[in-house]
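Here are some friendly notes to read with the model open beside you. Take the points one at a time and find each residue as you go.

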Amino acid sequence: MTLDLAVTDTQAQPNRDKPTLPDAQTVTAVKHWTDRLFSFRVTRPASLRFRSGEFVMIGLPGDNGKPILRAYSIASPNWDDELEFYSIKVPDGPLTSKLQHIKEGDQIILRPKPVGTLVLDALLPGKRLWFLATGTGLAPFASLMRDPETFERFDQVIMMHTCRGADELTYGRELVENLRNDPLLTEMFGAEFADRLLYYPTTTREDSPLMGRITDNMTSGKVFADLGLPPINPEEDRAMICGSLAFNVDVKAVLEGFGLREGANSEPREFVVEKAFVGDGI
Ligand SMILES: Cc1cc2nc3c(=O)[nH]c(=O)nc-3n(C[C@H](O)[C@H](O)[C@H](O)COP(=O)(O)OP(=O)(O)OC[C@H]3O[C@@H](n4cnc5c(N)ncnc54)[C@H](O)[C@@H]3O)c2cc1C
Ligand SMILES: NC(=O)c1ccc[n+]([C@@H]2O[C@H](COP(=O)([O-])OP(=O)(O)OC[C@H]3O[C@@H](n4cnc5c(N)ncnc54)[C@H](OP(=O)(O)O)[C@@H]3O)[C@@H](O)[C@H]2O)c1
């Protein structure tokens, strides 16, 4: 991907003490969840329109002054005035070794060109929508879960999120709990809204109430039994996958085993896939 950093329409207020970056946005909040996970919010360029679930390129200037840009899913919904991101901290990562130190008032680079496959338009209509994520792969679903259109299109949304340890689930858990009690969504969809957003968090390397890989919990039928749902079928169920390459490949095979087919923006079908990161290990 070419990195043209033309100055664009922006709401960011230049900080008089620092040079203004091209495509600069100002950090409005930062929260550290664990020693390897944090989230942050930035101002939204006035020109930026995106579909919930899409990603953009964000970054910081490198030591040589050239920008270090990486793909990031927008974790906030498309109606939000600001943009939220949920990030890993890779100790020696070119971007995140620096990005993890950002503070309110700092600037980051944000190229306002959203793209991605995890969009509602890439799926055929259905009854239930499954969000299947590991680690920071939750981010696009943090956007889609907060978008009322998701609940206009589907009767039930099931967020399955798996991490190695329980503390890695906290960002997603708080988000789902807040959404279930959200007064606006309850007003829009009625008191039964909370029952339409199901949450199935599991860990694989630390004890927690629900355990196991997403693939295993689907093939064994445990998740369907636990949630009181029928097994996934192509007539009623749609899915979106976001995790490591190995996770995506394995979940795709499980969904295909249930008779679902992979779709795309240009050809909506029963499920779509996107990588949460490129590479095999830190
Ligand atoms: C479409 C897309 C969307 C993305 N969205 C997000 C997002 O919302 N949040 C986010 O934190 N990252 C996201 N990433 C990954 C992101 O682009 C960077 O790789 C990440 O910020 C690390 O950058 P870095 O320069 O520090 O290290 P890099 O050199 O980019 O990565 C170093 C190594 O760290 C590992 N790694 C990178 N990212 C992750 C991750 N998220 N989780 C676990 N291991 C990882 C990989 O093994 C990689 O080889 C996304 C990637 C893609 C392709
Ligand atoms: N998470 C941490 O606390 C931690 C700490 C330091 C370094 N790291 C490094 O960071 C990198 C990324 O770690 P991560 O934990 O974010 O991602 P990850 O290794 O992809 O694991 C995230 C979750 O996905 C599950 N998973 C992995 N592959 C799968 C597959 N093919 N099918 C179904 N489920 C699958 C894992 O289960 P399993 O546990 O069964 O594999 C785990 O619960 C790794 O190289 C790791 O060594 C992680």
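1. **Ground rules.** This is a predicted model, in which local features need pLDDT of at least 70, side-chain atom pairs count only at pLDDT 80 or more, and totals for chains, interfaces and linings use all residues. Residues are numbered from 1 along each chain as its sequence is written, while chains are lettered from A and ligands numbered from 1 in the order in which they are written.

2. **The whole chain.** The protein chain has nine helices and 11 strands; helices (H or I, at least four residues) and strands (E, at least two) are DSSP runs, numbered from the N terminus. Along the principal axes, its C-alpha atoms fill a box of roughly 60 × 40 × 35 Å. The radius of gyration is 19 Å, which agrees with the value near 19 Å for a compact globule of 282 residues. That radius is taken over C-alpha atoms, and the globule rule is 2.2 Å times the number of residues to the power 0.38.

3. Of the 282 residues, 41% are buried. A residue is buried if 20 or more other C-beta atoms lie within 10 Å of its own, exposed if 12 or fewer, and partly exposed in between, with C-beta atoms placed from the backbone. Two residues are in contact if their C-beta atoms, placed the same way, lie within 7 Å. Among contacts with a separation of 6 or more, 70% join residues 24 or more positions apart.

4. **Two domains.** The chain is divided into domain 1 (24-114) and domain 2 (120-275), with bounds from an automatic or database domain assignment. Their C-alpha centres lie 24 Å apart. The contact takes 15 residues from domain 1 and 13 residues from domain 2. On the domain 1 side, strand E1 (24-34), strand E2 (37-43) and strand E5 each give two or more residues, and E5 gives the most, with three residues.

5. **Around ligand 1.** Which residues come nearest to ligand 1? They are Gly93, Leu95, Thr96, Phe277 and Gly279, out of 27 residues around it; a residue counts as near if its C-beta atom, placed from the backbone, lies within 6 Å. Strand E4 (67-73), strand E5 (82-88), helix H1 (96-99) and strand E11 (271-275) each give two or more residues to this shell.

6. **Helix H4.** In H4 (residues 170-180), Tyr171, Gly172, Leu175 and Val176 are buried. Those buried residues fall within an arc of 125 degrees seen down the axis, so they line one face of the helix; the arc is that of the directions from the helix axis to the C-beta atoms. An α-helix has 3.6 residues a turn, so residues three or four places apart point the same way. On the other side of H4, Glu174, Glu177 and Asn178 are exposed. The cover over the buried residues includes E1, E2, E5, helix H2 (139-145), strand E8 (156-163) and strand E9 (197-203).

7. Asp121 sits in the loop between strand E6 (107-115) and strand E7 (128-134), and with 13 C-beta neighbours inside 10 Å it is partly exposed. Asp121 touches Asn265 and Pro268, not counting residues up to four places away in sequence. The C-alpha atoms of Asp121 and Pro268 are separated by 6.9 Å, although the two are 147 residues apart along the chain.
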